Amino acid sequence: MVLTLAKPRPIWQIMFSTHHTDVGLMYLIFSIMALFIGGAMAIAIRVELFAPGAQIIADAMTFNRLFTSHGTTMIFLFLLPSASAVGNYLVPIMVRYKDMAYPKLNAIAFWMIPPAAALVWLGMADFGWYANPPYSVISAPAPAAEMWIFGLKILGISSVLGSINFVVTILKCKHPDMSIGKVPLLAWSFLAASTIAIMAIPTFAAGLLMLLTDRLGATGFFNPLVGGDPIAYQHLFWFTFHPEVYVLVIPAIGMMYEIIPRFSRRPIFSHSSGVFAFVLLSIVAFASWAHHMFATGMSFTEKTVFMVGTLAAVPASAMHVFNFLATMWNGRIKFATPMMWAVGGIALFFSAGAGGVVNTAMPLDFITHDSYWVVGHFHLFVFGTIAFGTIGFFYYLFPYVTRRMYNEKLGVVHFILSMVGASLTFFTQHLLGLYGMPRRVFDYPEIPEWIAMNQIISIGAMIILVGMGIFLVNLIYSSARGKPANMNDPFGLGGKYYYPYSQLNPHHDKAGY
Amino acid sequence: MRTIWAPIILIVLFATPMIQLVFASETPGEYVNRAQEIWNLFFRMMTIAFVVGGVIAGTIVWQVWRFRESNPKAKPTPYEDKGDL
């Protein structure tokens, strides 16, 4: 479990381990690698859009391949595995069980990800991470499209297996003395997110299979040339992937629930309201998928239902925000790196939520639909909230993984650069959308406002890149040379609060485990 | 007295313009400029969003300043050194 770069364990010992901390470590390393690969694609996109005309990318098809792989990488290969990393490390410890319920299944779920990633990265499909028909059925080039479909299939199975493991571990393997109400909020967040994933993913699995048979010419579910309905695919897709947003954000909020009370030196203000808000979000996650499709000719009644369903997420989200604020109130807050990321994440979460309310108001959706506003909103949410919570938690987990401390100054610089970069990039994308720039375009006309805003966005992305470079240096250097951590109180908060397990070579059969 | 402000704000921001809009669409000789109405709604909602956002963000900033451990007024919480963190 402990990653010691100075005297490393044999790599095969980690790779063939089924111990939850080893699987967590593999998820962690893989997700950080995917973050940098997806980030490199994002930088290529932003350099291309720095000015009108082709800059570094030869043609629109290559650009489409890049943004498809960027989206797929960040969502399925960075955010989901990073949440699994945290869950694998901490859920068994939090429910006081020796491991995940099914350790071998856990390792299998992880090892399904690298081949799926290879399919996505080697194929480089060009239809966006949503693969909308009719383009994806009729025109998208093979074999990239098929590779993407099979890659996503494998990732879906991996997610379901991992989710089943979390649900069973929490519900059936928790210590008999621990009632479900006493389960920590981070574990609760994994219970909620895993339940959503188990319920949502099979729908898209069916959609992918139908897409594949359509492409093979065996069926015509989504092919309008043979009487199919492309909109039906969008329903299947968004029924899975709107809840998937909550699968990503709920664990990130759970991570904030670990960080904020500790660094405020106060217990969480209301455990029960946090649980209630997680359960509420899990339900309303399924009441809002069609708000992505207001422009597809839905009836007024349908749109109203989904508008109200989407707005129902506001009170649940606000409960979390107010829970955080009330916890910090009257605390003595230490602003170490994890706390900065958590508080920054709350601020951006609120901003992203406000933009989401605009998106879901029917008439306003027609202003913002398919414009850069949506890109800004989505990225503010996934980067500004989910990645902020996750990266903050990576810093929090660092002593646990390495038994060393990261460099605090570099961590703070990383946070400041990311906060400035994210604000410049994603808020400006909102404005660019209001100025009418459509999303998913390789080139744009020489409108002075568009050029200026695109350049601000690209500069913001570069600032994030510099911050991420510092993050990588900090991780690698501190893993090898960082100061040894006090494993009871690595952040100097006073008291004993840190996670108990820190064995060097975890094996299920070892005494004392 | 304080409770009366919420409905007044809601009426001014939402109800009155909506009523005007509905009657305008039913009155002969008048027509609704949808683009104008939608942009008006957008600006009203952004006004609300910025006001609420300002209050929340302001609270966060104030909390960060007031309850930071380096603030001279900061006092140890009752939970420190008890292992309750």
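## Conventions

Axes are lines fitted to C-alpha atoms, for helices over the stretch in contact, and angles between N-to-C directions run from 0 to 180 degrees. Helices (H or I, at least four residues) and strands (E, at least two) are DSSP runs numbered from the N terminus.

This is a predicted model, in which local features need pLDDT of at least 70, side-chain atom pairs count only at pLDDT 80 or more, and totals for chains, interfaces and linings use all residues. Residues are numbered from 1 along each chain as its sequence is written, while chains are lettered from A and ligands numbered from 1 in the order in which they are written.

## Overall architecture

Chain A contains 17 helices and 0 strands. Its radius of gyration, 22 Å, is close to the 24 Å that the globule rule gives for 513 residues, so chain A is as compact as a globular protein of that length. The radius of gyration is taken over C-alpha atoms, and the globule rule is 2.2 Å times the number of residues to the power 0.38. Along the principal axes, the C-alpha atoms of chain A fill a box of roughly 65 × 50 × 45 Å.

Of the 513 residues in chain A, 54% are buried. A residue is buried if 20 or more other C-beta atoms lie within 10 Å of its own, exposed if 12 or fewer, and partly exposed in between, with C-beta atoms placed from the backbone. Among contacts in chain A between residues at least 6 apart in sequence, 82% join residues at least 24 apart; two residues are in contact if their C-beta atoms, placed from the backbone, lie within 7 Å. Chain B has 2 helices and 0 strands, and buried residues account for 7% of its 85 residues.

## The side of chain A that touches chain B

Contact between the chains involves 31 residues of chain A and 26 residues of chain B. On the chain A side, the elements that give two or more residues are helix H12 (313-328), helix H13 (337-360) and helix H14 (362-368). H13(A) gives the most, with 8 residues.

By class, this side of chain A has 20 nonpolar, 5 polar and 6 charged residues. Ala, Val, Leu, Ile, Met, Phe, Trp, Tyr, Cys and Pro count as nonpolar, Asp, Glu, Lys and Arg as charged, and the others, Gly among them, as polar.

## Helix packing in chain A

The axes of H13(A) and H15(A) come within 8 Å and cross at roughly 160 degrees. The two helices are therefore roughly antiparallel to each other; angles under 35 degrees count as roughly parallel, over 145 as roughly antiparallel, 65 to 115 as roughly perpendicular and the rest as oblique. H13(A) passes H15(A) in a left-handed crossing, where left-handed means that the near helix is turned anticlockwise from the far one by less than a right angle, and right-handed that it is turned clockwise. The residues of the contact of H13(A) with H15(A) comprise 14 nonpolar, 12 polar and no charged.

Helix H3 (residues 60-94) and helix H8 (residues 185-215) of chain A have axes that come within 9 Å and cross at roughly 115 degrees. H3(A) and H8(A) are therefore roughly perpendicular to each other, and H3(A) passes H8(A) in a left-handed crossing. Gly87(A), Leu90(A), Val91(A) and Met94(A) of H3(A) make the contact with Leu186(A), Ala187(A) and Phe190(A) of H8(A). These residues divide into 6 nonpolar, 1 polar and no charged.

Val382(A) lies in helix H15 (residues 372-402) of chain A. Val382(A) is buried, with 22 other C-beta atoms within 10 Å. Beyond its neighbours within four places in sequence, Val382(A) is in contact with Met74(A), Leu79(A), Leu248(A) and Ala387(A). Val382(A) and Leu79(A) are 303 residues apart in sequence, yet 8.5 Å apart in space, C-alpha to C-alpha.

## Backbone features in loops

The peptide bond from Pro133(A) to Pro134(A) is cis, with omega near 5 degrees; Pro134(A) lies in the loop between helix H5 (113-123) and helix H6 (135-138) of chain A. A cis peptide bond also joins Ala142(A) and Pro143(A), with omega about 0 degrees. Pro143(A) is placed in the loop between H6 and helix H7 (144-172) of chain A.

Arg96(A), although not a glycine, has a positive phi of about 60 degrees. Arg96(A) lies in the loop between H3 and helix H4 (103-111) of chain A and counts as partly exposed, with 13 C-beta neighbours inside 10 Å. Arg265(A), also not a glycine, has a positive phi of about 60 degrees. Arg265(A) lies in the loop between helix H9 (230-264) and helix H10 (271-284) of chain A and is buried, with 26 other C-beta atoms within 10 Å.
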